[in-house]
Amino acid sequence: MPNLLLLALLATFPSLSTDMYLPAIPLLERIWGISLPLANLSLVVFFASFSFFLLVHGPLSDRFGRRPVLLWGILLFIAGSLSCALSTSIGMLIAARAVQAAGAAAASSLSLALSKDLYSGQDRQRILAYIAVILSVCPMLAPTLGSWVMLVASWRWIFVCQAVLALAGLYGSFRLKEPLANRTRGGVLAVAGRYLVLLRNGRFLLVTLAFSIMSMPHFAYIGGSSSIFISDFGVSEQAYGIYFGINALGLMLGAMLCSRIGAARDGGFVLNTALFGLLASGCALLLTGGSTPLRLVLPMFCCTFFLGLSRPISNNMVLEQVESDVGAASSVLTFCIFTLGAFGMWLISLDWHSKPMLVGVLAVLGALTPLAAMRLFRRIERRDAERKSG
């Protein structure tokens, strides 16, 4: 149980860093006199920095161990959070967010690597589902928590709260017994060269890229939701927290259902069901146009429900494609998810006629791509099986 709680807490670092801050974006637009695309740079730069440092922390943890990289990353996250709280301009905030993201990358990527180190097979899939349930509570509560902080104090205290919450992760990581027995060898070039091994693993690359695209509509919605609800629909910051929480509730319920049926039913059947559900949700959003809060919230609830249902199985499927370099593989998977997510956040910040319609298009794309990749993956498996039997 302590390991499960630590893994879940580490996995929440990027969501905690982003979702608590979302209600403050319209306020920063007003007090600093900046545009939405410029304000959203604090989100986009966060995920760009986060994605880059994922590729650093993963192989470093394979070389030096999980525990020292975790401790360093969490300390960096705390320093970045306090720097965000002290920012007096959007430029300073963006720079501090980059530092915060560098630390969050260690926590997020190593939570996935530790699940591979500590668990195997169906146990790992079940643990990933439990983590997904706990992880989904964070985006459900974080915007509301951020809006409550803004009711009684400055927006700066949002980042102070993030630093305080990170102390729990620091304590858990300090008490963690190092799980990695066999480490990679060599210097910086040798450590970086482990990515060449992964790039030659065609199955790993196929499922990693395909399943990463599934998250684009979710991240685009995160990046545009405060503008849509507060600026376009005119709801309060507190009401926005509730609407955003409904979306996160879908993610939690999907992960809970996966934890109940994932081990009992064929994983491929559950995954295909989730992908077709995501496709139907995207089509529903395109049909309704998301022209009112309800017409946006209901299809997005379904989108995130099916994303939550699929994520533990798809993550487990990706991890099963590697036997070594687990830290690097976890970093590549998380890098792809958050890089495409950052692109979705940047995309929705542009001047679209209808931002909800864009989310619908991304949901359809996020379903069709992995469906096609799954067909190709099965063909490769059959071909390899025929070669072995022949």
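This is a predicted model: local features need pLDDT of at least 70, side-chain atom pairs count only at pLDDT 80 or more; totals for chains, interfaces and linings use all residues.
## The nonpolar core

The largest nonpolar core has 124 residues. Tyr21, Phe50, Leu198 and Phe211 have the most contacts inside it. Helix α6, residues 90-118, gives this core its largest share, 13 residues. In soluble globular proteins, nonpolar side chains tend to be buried together.

Setting aside residues up to four places away in sequence, Phe211 touches Leu271, Arg311, Ser314, Met317, Val318, Pro370 and Met374.

## Aromatic pairs

The model holds 12 aromatic pairs. One is formed by Phe13 and Phe77.

Phe52 and Phe53 form another pair. Here the arrangement is edge-to-face, with 85° between the planes and 5.1 Å centre to centre. Phe52 has a relative accessible area of 48%, so it counts as partly exposed. Phe53 is also partly exposed, because its relative accessibility is 27%.

## An aromatic cluster

Some rings group beyond a pair. Tyr221, Phe229, Phe233, Tyr240 and Tyr243 form one aromatic cluster.

## Charges over rings

Two arginines sit over phenylalanine rings. The charged end of Arg67 is placed over the ring of Phe174, 5.2 Å from its centre. Arg203 lies over the face of Phe377, and the distance to the ring centre is 5.9 Å.

## Gly241

Gly241 belongs to helix α13, which spans residues 237-261. Its relative accessibility is 0%, so Gly241 counts as buried. The cut-off for buried is under 20%.

What does Gly241 contact, leaving aside its neighbours within four places in sequence? The partners are Pro143 and Thr144. Arg30 is 211 residues from Gly241 in sequence. In space, the two are 19 Å apart, C-alpha to C-alpha.

Notes:
Residues are numbered from 1 along each chain as its sequence is written. Side-chain values use heavy atoms; hydrogens and water are left out. A nonpolar core is a set of buried Ala, Val, Leu, Ile, Met, Phe, Trp, Tyr and Cys residues joined through side-chain atoms within 4.5 Å. Buried means under 20% relative accessible area, exposed over 50%, partly exposed in between (1.4 Å probe, protein chains only). Helices (H or I, at least four residues) and strands (E, at least two) are DSSP runs, numbered from the N terminus. Contact means heavy atoms within 4.5 Å. Rings of Phe, Tyr and Trp (its six-membered ring) pair if their centres lie within 6.5 Å; planes under 30 degrees apart count as stacked, over 60 as edge-to-face and the rest as tilted. A charge sits over a ring if NZ of Lys or CZ of Arg is within 6 Å of the ring centre and within 35 degrees of the ring normal.
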